[in-house]
Amino acid sequence: MPDIAFLTLDKAAAYLGISPNTLYVWRHRRQGPPSFQMGRRVMYRISALDEWVARQERADSRSNPALNPLNRNPLRRTS
């Protein structure tokens, strides 16, 4: 049996640890991980979910020290 490459909306939500409703709303608003329709079913590629999570981590200052405002030199006031 081949490895599973795609997840339904419910299974993708469980994979991400969020509610299916949250994932549905993100899809409706064109936010969140990329999805597509396979027939009538909304599907998510597992590799795309992993990439999306990695991008979220890199964009968050709590996970990425380079974005932490406390690691920057203070700005000087200009007159």
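Trainee: What should I know about the model and its numbering before reading on?
Mentor: This is a predicted model, in which local features need pLDDT of at least 70 and side-chain atom pairs count only at pLDDT 80 or more, while totals for chains, interfaces and linings use all residues. Residues are numbered from 1 along each chain as its sequence is written, and side-chain values use heavy atoms, with hydrogens and water left out.

Trainee: In which order do the elements of the protein run from the N terminus on?
Mentor: Helices (H or I, at least four residues) and strands (E, at least two) are DSSP runs, numbered from the N terminus. The protein has 3 helices and 3 strands, and their order is β-α-α-β-β-α.

Trainee: What percentage of the 79 residues in the protein is buried?
Mentor: A residue is called buried under 20% relative accessible area, exposed over 50%, and partly exposed in between, with a 1.4 Å probe and protein chains only. By that rule, the buried share of the 79 residues is 19%.

Trainee: Is Thr8 buried or exposed, and with which residues is it in contact, leaving aside neighbours within four places in sequence?
Mentor: Thr8 is found in strand 1, and its relative accessible area of 17% makes it buried. Contact means heavy atoms within 4.5 Å, and, with neighbours within four places in sequence left aside, the contacts of Thr8 are Arg41, Val42, Met43 and Tyr44.

Trainee: How many aromatic pairs does a search of the whole structure find?
Mentor: Rings of Phe, Tyr and Trp (its six-membered ring) pair if their centres lie within 6.5 Å, and planes under 30 degrees apart count as stacked, over 60 as edge-to-face and the rest as tilted. With this rule, the number of aromatic pairs found in the whole structure is 2.

Trainee: What kind of pair do the rings of Phe6 and Phe36 make, and how many residues apart in sequence are the parts that it ties together?
Mentor: The ring centres of Phe6 and Phe36 are 5.6 Å apart and their planes stand at 80°, so the pair is edge-to-face. Because Phe6 lies in strand 1 (residues 6-8) and Phe36 in strand 2 (residues 36-38), the pair ties together parts whose separation in sequence is 30 residues.

Trainee: What kind of pair do the rings of Trp26 and Trp52 make, and which helices do they lie in?
Mentor: The centres of the Trp26 and Trp52 rings are 5.5 Å apart with their planes at 50°, so the pair is tilted. Trp26 is partly exposed at 24% relative accessibility, whereas Trp52 is buried at 13%. The pair links distant parts of the chain, with Trp26 in helix 2 (residues 20-28) and Trp52 in helix 3 (residues 46-59).
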